[in-house]
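Have the viewer open as you read.

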Amino acid sequence: MTAPTITSARDVVDYLKAQHETIRGLFVETLDAGDAETRQEAFTRLRTMLAVHETAEEMVVHPRVRRKIEDGHAIVDDRLAEEHDSKVLLSEIEQLPIDSADFSKALIHLQGEVLEHAKNEEELEFTALEAELSKDELAKLADAVAVAEKIAPTHPHPGVESAAANFLAGPFASLLDRARDALGGVFDRK
């Protein structure tokens with residue numbers, strides 16, 4: 001699964017907000033799926049989008065917020081804590097039977113956490129970036145996010161929330177995740 005193309009976005013804020021909308025839709029699609037196969041396909045797209053999206057933000061957006069935004073460290077620390085909690089939940093959900101009530105219940109809980117996180121990003125991080133960075137800088141950040149997404153893991157990796165950790169562990173995790181995905185879930189739950 002790939003992220004939405006960047007060509008329709010003016011800048012990183014537009015791009016990430018568009019991804020937030022895609023994520024909202026993928027939650028609905030997964031929860032409303034009529035059978036286990038359709039639910040699995042939707043969940044795979046959702047899981048991949050969440051993993052790739054968060055990794056790119058951790059590698060590109062959060063470091064810029066820390067450097068350029070007043071109180072950026074506090075804003076980013078709170079977002080990283082939210083991202084860690086979501087990665088833990090997503091990792092747990094991956095282990096649940098796709099057609100179980102436990103899966104649905106856990107996914108609804110994750111949906112609430114992720115949507116609150118997206119709201120916090122949009123209100124705190126994105127508005128600050130728009131206020132402090134030039135249009136050119138915002139456009140360049142969008143390009144950097146697109147590059148980061150190409151090397152991002154496709155499964156959640158709790159504990160890998162910093163830019164440094166993503167640059168160190170990310171390529172290896174991405175390689176393993178993408179091999180796992182290519183094998184069609186041979187190593188996944190049954």
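## Ground rules and confidence

This is a predicted model, where local features need pLDDT of at least 70 and side-chain atom pairs count only at pLDDT 80 or more, while totals for chains, interfaces and linings use all residues. Residues are numbered from 1 along each chain as its sequence is written, and side-chain values use heavy atoms, with hydrogens and water left out.

The mean pLDDT (the predictor's confidence in each residue, from 0 to 100) of the protein chain is 84, with 77% of its residues at 70 or more. Contact here means heavy atoms within 4.5 Å.

## Overall fold

The protein chain has six helices and zero strands. Both are DSSP runs numbered from the N terminus: H or I over at least four residues for helices, E over at least two for strands.

Of the 190 residues in the protein chain, 48% are buried. Buried is under 20% relative accessible area, exposed is over 50%, and partly exposed is in between (1.4 Å probe, protein chains only). Take the contacts between residues at least 6 apart in sequence: 75% of them join residues at least 24 apart.

## Helices α1 and α4

The axes of α1 (residues 12-32) and α4 (residues 101-132) come within 11 Å and cross at roughly 170°. Axes are lines fitted to C-alpha atoms, for helices over the stretch in contact, with angles from 0 to 180 degrees between N-to-C directions.

## The ring pair

The chain has one aromatic pair. Phe-43 and Phe-103 sit edge-to-face, 5.2 Å centre to centre with 80° between the planes. Rings of Phe, Tyr and Trp (its six-membered ring) pair if their centres lie within 6.5 Å; planes under 30 degrees apart are stacked, over 60 edge-to-face, the rest tilted.

The pair links Phe-43 in α2 (residues 36-68) to Phe-103 in α4, 60 residues apart. Phe-43 is buried at 1% relative accessibility, and Phe-103 is buried at 0%.

## Asn-120

Asn-120 lies in α4 and counts as buried at 12% relative accessibility. Leaving aside neighbours within four places in sequence, Asn-120 is in contact with Arg-79, Glu-82 and Glu-125. Its C-alpha atom is 9.3 Å from that of Asp-78, 42 residues apart along the chain.
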